[in-house]
Amino acid sequence: MFPNREMAEKELEIAGQLNKGPWAKHSMNVGLAAEIIAEKCGNLNSDKAYVLGLLHDIGRRYGVSARRHGIDGYKFMMEKGWDEVARICLTHSFPDPNFDKEIGKNDMNEEQSEFVKKYLNEMTYDDYDKLLIVCDSLADDKGFCMLEKRFVNTTRRYGIFTFTVERWNATFEMKEYFEQQMSCSIYDILPNVKETTFIDAPLWKPPVK
């Protein structure tokens, strides 16, 4: 189950007040990206995609965390009875479901870590899991951008790991999967990708001769 759009928007609004930061606008843009791509694919529920995107980071309502925001969001959504959202709270952070090789500090306790590891190992990603993994890397708080920008920003926060390129490749494969369904580039249907991608780029100046 998953909530309707209005309920999801209200939950994100409340969460954004509890833990202020750019993550809430990022979540809004992930939801919009998921909705746009789902509409173009035709075999996905665009309202469901929007809601899943809106709430994928809802665990951040409890404060700043690394991996723990996934399990926090999972538990909160399960309490609400929204199991389809709860699933996305966990899967969106793991383009490679091999839990032992994932990015960032593991700030979960041992019991939580084992639960997430078992949960991921026993599932097969469906199109909504894949869609939200891609959209999480297509949107920041300012809008839609190229995957490479989000990859670099994430790497600057968490560092480079031996499996960093594996994560990138897995996300690119999912992006290409949806592009085959749409018969066009994702960048062709998301507004202002070029502008948002380069919004933080410094002004180029010719070399001094």
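Predicted model: local features only at pLDDT ≥ 70, side-chain atom pairs only at ≥ 80, totals over all residues.
Residues are numbered from 1 along each chain as its sequence is written, and side-chain values use heavy atoms, leaving out hydrogens and water.

**Overall build**
- You can find 11 helices and 2 strands in the protein (DSSP runs: H or I of at least four residues for helices, E of at least two for strands, numbered from the N terminus).
- In sequence order, the pattern is α-α-α-α-α-α-α-β-β-α-α-α-α.
- About 65 × 35 × 35 Å is the span of the C-alpha trace along its principal axes.

**Inside the protein**
- Of the 209 residues, 52% are buried (under 20% relative accessible area, 1.4 Å probe, protein chains only).
- Among contacts (heavy atoms within 4.5 Å) between residues at least 6 apart in sequence, 73% join residues at least 24 apart.

**A look at helix H9**
- Helix H9 covers residues 164–182 and reaches 28 Å from its first C-alpha to its last, close to the expected 27 Å (1.5 Å times one less than its number of residues).
- Its buried residues include Ala170, Met174 and Phe178.
- An α-helix has 3.6 residues a turn, so residues three or four places apart point the same way.
- Helices H2, H7, H8 and H10 are among the elements covering the buried residues of H9.

Notes. Buried < 20%, exposed > 50% of the residue type's maximum accessible area, 1.4 Å probe, protein only.
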